[in-house]
Amino acid sequence: MRDCVFCRIIARESHADVEYEDDAVLAFKDIYPKAPIHLLIVPKRHIPSIMTMEGADAEILGRCFLAARAVGEAKGLAERGYRLRVNCGPDGGQVVYHVHVHFLAGGRVSGA
Ligand code: AMP
Ligand code: ZN
């Protein structure tokens with residue numbers, strides 16, 4: 001998807017501060033962090049939203065959550081924890097239509 005900002009980051013056509021990568025998933029810093037640690041965990045395959053996900057997408061989305069676990073452990077957060085958030089659709093606050101998991105940590109991450 002050439003007009004997708006996250007696909008361009010995955011293809012290294014746009015810059016991002018990448019913190020984790022495996023064959024299926026990339027995690028990079030959010031450019032407008034809302035917590036001391038704020039990463040976005042994205043599948044390398046373009047899936048627009050949880051609202052359009054299909055059965056075939058289940059494994060790669062599960063891989064995003066495994067990546068969150070790996071990031072949490074690498075950052076020493078396995079005890080204290082972190083917040084994972086997936087915004088879905090306009091009323092859910094989704095702005096970028098390449099599905100992503102917000103990884104928020106570094107102190108108590110409050111809010112709904
Ligand atoms: P959402 O509202 O759930 O769609 O979240 C989109 C997130 O992507 C926001 O927190 C933005 O700050 C972040 N974002 C948008 N463009 C970029 C980019 N080029 N690099 C890193 N983060 C981005
Ligand atoms: Zn994309």
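Colleague: Which residues does Ala24 touch, not counting residues up to four places away in sequence?

Modeller: Contact means heavy atoms within 4.5 Å. By that rule, Ala24 touches Val42, Pro43, Lys44, Ile60 and Arg63, leaving aside residues up to four places away in sequence. Before we go on, please keep in mind that this is a predicted model, where local features need pLDDT of at least 70, side-chain atom pairs count only at pLDDT 80 or more, and totals for chains, interfaces and linings use all residues. Residues are numbered from 1 along each chain as its sequence is written, chains are lettered from A and ligands numbered from 1 in the order in which they are written, and side-chain values use heavy atoms, with hydrogens and water left out.

Colleague: Where is Ala24 found, and is Ala24 buried or exposed?

Modeller: Buried means under 20% relative accessible area, exposed over 50%, and partly exposed in between, with a 1.4 Å probe and protein chains only. Helices (H or I, at least four residues) and strands (E, at least two) are DSSP runs, numbered from the N terminus. Ala24 is found in the loop between strand 1 and strand 2, and its relative accessible area of 10% makes it buried.

Colleague: Which residues of helix 2 are buried?

Modeller: They are Ile60, Leu61, Cys64, Ala67, Ala68, Val71 and Gly72. Looking down the axis of helix 2, the buried residues fall within an arc of 145°, where the arc is that of the directions from the helix axis to the C-beta atoms. They therefore line one face of the helix. On the other side of helix 2, Glu59 and Leu66 are exposed.

Colleague: What covers the buried residues of helix 2?

Modeller: The cover includes strand 1 (18–21), strand 2 (25–29), strand 3 (37–43), strand 4 (83–85) and strand 5 (101–105).

Colleague: How many residues are in the largest nonpolar core?

Modeller: In soluble globular proteins, nonpolar side chains tend to be buried together. A nonpolar core is a set of buried Ala, Val, Leu, Ile, Met, Phe, Trp, Tyr and Cys residues joined through side-chain atoms within 4.5 Å. Here the largest has 17 residues, and those with the most contacts inside it are Val25, Ile41, Ile47, Ile60, Leu61, Cys64 and Phe103. Two or more residues come from each of strand 2, strand 3, helix 2 and strand 5. Helix 2 gives the most, with 6 residues. There is also a second, separate core of 10 residues, including Cys4, Cys7, Ile10 and Leu26.

Colleague: What does Cys64 touch, not counting residues up to four places away in sequence?

Modeller: With such sequence neighbours left out, Cys64 touches Val25, Ile41, Val42, Pro43 and Val101.

Colleague: How many residues surround ligand 1?

Modeller: A residue is near a molecule or strand if one of its heavy atoms lies within 4 Å of it. For ligand 1 there are 17, and the closest are Asp30, Asn87, Gly93, Val95 and His100. A backbone N or O atom of Val95 lies 2.7 Å from an oxygen atom of ligand 1. In the side chain of His102, an N or O atom is 2.8 Å from an oxygen atom of ligand 1.

Colleague: What is the phi of Arg12?

Modeller: Most residues other than glycine have a negative phi. The phi of Arg12 is near 60°, a positive value in a residue other than glycine. Arg12 sits in the loop between helix 1 (5–10) and strand 1, and it counts as partly exposed at 46% relative accessibility.

Notes. Polar contact = N/O pair within 3.5 Å; in protein donor to acceptor, adjacent residues only side chain to side chain.
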